[in-house]
Amino acid sequence: MLEARLEQASLLKKVVDAIKDLVQDCNFDCNDSGIALQAMDNSHVALVSMLLKAEAFAPYRCDRNIALGMNLTSLTKVLRAAQNEDILTLKAEDAPDVLNILFESSENDRISEYDLKLMDIDQEHLGIPETDYAATISLPSAEFRRICTDLAAMSESVSIEASKEGIKFSANGDIGNGSVTLRSQSSVEEGSDAGIKIELSEHVALTFSLKYLVNFCKAAALSNRVKICLSNEVPLLVEYDLGSNNSHLRFYLAPKVS
Amino acid sequence: MARTRSTKNDSAETKKEASLKSSAPKYPLGAKNEKPPTMFILPKKATQDARIVNLPNPRNAKPSRYLVCPTTGIYEFTKISAPKSMPRSWLIESSGVEDVSDTSKTNNSNGQVASSADLYVATTIDPLFFVLPALLHTDSSRKGEEKRRLFMTIYDHLDKLETEESHMSEILRWERTRSLLESRMAAVCDSTDGGGDIMFRLNEKKLFAVILSKARKMCQGGLAPSMEEKFVTKALEAPVQVSSQRSSDSKHAKPSTEKGLGSGESTPQAESGDSQSTTATSQSDLSADSQASTAATSVDDDDDGVSAVKVSDDIVNLQRLRTAFSFISSRYLTASLATQLSSSLADQTTSGIDFAPLDAYFTELAKLRAEAATSRAIGDYTKKRGLDAEEEEARAEKKRKLEEEKKKKASESRATKELKKVNTAGMMKLSAFFKKK
């Protein structure tokens, strides 16, 4: 039996919006610590991993581990019926055929209820180890999105170079080339939305597909800040925080090797 | 959504339920009856002494079951089974016989289920058919002229049919059955009185006359509807002409051939053929005229269609007789005898029946059909070739797959399509970095 009440429907709406273009069908794995999701795109070069901790819900109850297999397009259709401020409740049996989704308006004068049919999805789970990245950049999510979309106009791929000078995004395309360099601002206050923070332990230079990065940036609506973690010859990590309880949405992307 | 979980789980659940049920049945069933009861419909006039016995099948000499009643004769069984597509069974309960107060005790043992829904109907069969194979029997040890059949008593004749399984000798001990068999033998045999016992020898002409009279009787008032439909109506049906021009052409041809065939004969059948042909010509002339005035109206077409199908009653009766005769021979006579009799049926001198009009009609019909087939092949542009069921199925399957694919594509967002186009060359799969759990 699963029952999870989310104060703001917008959170789930945005999460699903952010990943529905990357993956079509996926399992929401529910256990007593929260709801998790891990899925790869069709080409298996990008991976999305979401964790909504039990603390993000009020209340949260999950007696047994349940996998809710869903088509994200279908889920989007249902979630479209919810206002951003609605209270959203997810309910499911222990071996569910359907996921029951309830929207209550904040004024408590409107209740809508939907049942979404579930699917059996065979999905392989990858074990992702905790990694100490050579470079960790924290910046406003809007800034990162802007860089990606701007450079996507120039080229298919971007090379990201992190050095003592700062971090340089450069794209080399048919019509010319362009680059954006961000410098670390030492005076960034902890918890502030603005400013760029770079932690660097060694020099890193990697190339990534811009189309994928642009796709990741759809999650910018979820959080004001984004964390980009890089290490040579390992996948890039783009992380958005979901609230203040360690819930997160993470994207991994394999680097291009020439 | 075909792959939703709900349907799958449902079936799994019912399966579980079913297995549960089978493991612990609510009502314990007894062991399966090894010899389930069989349903028979027996004639009322058959007496209590009637027995089901093994007699050699007159057609193939294999021992088969027959009901023999010492007073009323011999009955054959016809098996009526339910079609495979509609599985049925008998629920047999012998109620009404039991005392009402007794039901509580006998309730359980009363009812029975017979899994096969076969029904056996006993109908009268001419005993003649049983003795025929014996009468036909020739002594193979003699040669040439000596191979003629001999006058023999019924016992000597039927002795040749004696096999392990047959009960023929037993039923011959029944006085009335024996006399019945003898009287039937007399109908097809020359007989002499040989010292108290009557001796028989098969007379083929008599036999043919008997079979023919049976066939005629069968024809009286028409054949059984299914037989009539399949062997008479369908066989004689002329194709309906689509093009009126063509049909009037063929009609002009038809009377001339019939006339040609019929002119030589002086039998009434030939006459009727003639009269039919004259009416046909006048009709076709008429329709040709009306065609000239009204440019091929639908009424006109109809008229043509009907006249092309029209068959005279004589021809229908001949076809019925032929069908009945072949039915009797194929069912009750040995194969060799059947061919022998059918050839004598075709021979006008022995049978006294002229099948010429029927044969002429069939040749005409074959021509018409061939013509219709060619005209259809020319006129039908909608279908380039005949579709058989398998092809159609394959096509439907292909269509379904295509639609599914289309649906899937339609559900993909633009961004997803864009991502598919991304050149991922040089990008390793994530499973190369992260190990599977």
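Here is what to select at each stop, and what you will find there.

**Before you start**

Keep in mind that this is a predicted model.

**Stop 1: chain B as a whole**

Color chain B by secondary structure. Chain B has 437 residues, and 33% of them count as buried. How do the contacts run along the sequence? Take the contacts in chain B between residues at least 6 apart in sequence: 68% of these join residues at least 24 apart.

**Stop 2**

Leave the surface on and select Asp156(B), Asp159(B), Asp193(B) and Asp197(B), which together form a negative surface patch. Click on Asp197(B) and you land in strand 9, covering residues 197-202 of chain B. Is Asp197(B) buried or partly exposed? With a relative accessible area of 42%, Asp197(B) is partly exposed, because that value lies between the 20% and 50% limits.

Now select Phe40(B), Leu42(B) and Ile52(B). These make a nonpolar surface patch of about 260 Å². Phe40(B) belongs to strand 1 of chain B, residues 39-41, and is partly exposed at a relative accessible area of 37%.

**Stop 3: a buried serine in chain A**

Hop over to chain A and pick Ser141(A), in helix 3 (residues 141-152). Ser141(A) has a relative accessible area of 4%, so it counts as buried. Who are the neighbors? Leaving out residues up to four places away in sequence, Ser141(A) touches Ala220(A), Ser223(A), Asn224(A), Arg225(A), Val226(A) and Tyr240(A).

**Stop 4: salt bridges**

Time to look at charges. Side chains of opposite charge can pair when their charged atoms come close. How many salt bridges does the structure hold over all chains? There are 23.

Start with Lys218(A) and Asp21(A), whose side chains meet in a salt bridge at 2.7 Å, N to O. This pair links distant parts of the chain, 197 residues apart: Lys218(A) sits in the loop between helix 4 (210-216) and strand 17 (225-230) of chain A, while Asp21(A) is in the loop between helix 1 (9-19) and strand 2 (25-31). Lys218(A) is partly exposed at 35% relative accessible area, whereas Asp21(A) counts as buried at 5%.

Next, select Arg61(A) and Asp63(A), another salt bridge, at 3.0 Å from N to O. Both ends are partly exposed: Arg61(A) has a relative accessible area of 41%, and Asp63(A) has 45%.

**Stop 5: across the chains**

Show both chains and select Glu124(A) with Lys436(B). Their side chains meet in a salt bridge of 3.4 Å, N to O. The pair crosses between chains, from Glu124(A) in the loop between strand 9 (111-117) and strand 10 (126-127) of chain A to Lys436(B) in strand 10 (residues 435-436) of chain B. Glu124(A) counts as partly exposed at 33% relative accessibility, and Lys436(B) is exposed at 54%.

Key. Residues are numbered from 1 along each chain as its sequence is written. Chains are lettered from A and ligands numbered from 1 in the order in which they are written. This is a predicted model: local features need pLDDT of at least 70, side-chain atom pairs count only at pLDDT 80 or more; totals for chains, interfaces and linings use all residues. Side-chain values use heavy atoms; hydrogens and water are left out. Patches are made of residues with over 30% relative accessible area and no salt bridge: like charges are joined within 9 Å, nonpolar side chains (Val, Leu, Ile, Met, Phe, Trp, Tyr) within 5 Å. Accessible areas come from the Shrake-Rupley method with a 1.4 Å probe; for residues, only the protein chains shown count as cover. A salt bridge is a side-chain nitrogen of Lys or Arg within 4 Å of a carboxyl oxygen of Asp or Glu. Lys and Arg count as positive and Asp and Glu as negative; His and the chain ends are not counted. The place of a charge is taken as NZ of Lys, CZ of Arg, CG of Asp or CD of Glu. Helices (H or I, at least four residues) and strands (E, at least two) are DSSP runs, numbered from the N terminus. Buried means under 20% relative accessible area, exposed over 50%, partly exposed in between (1.4 Å probe, protein chains only). Contact means heavy atoms within 4.5 Å.
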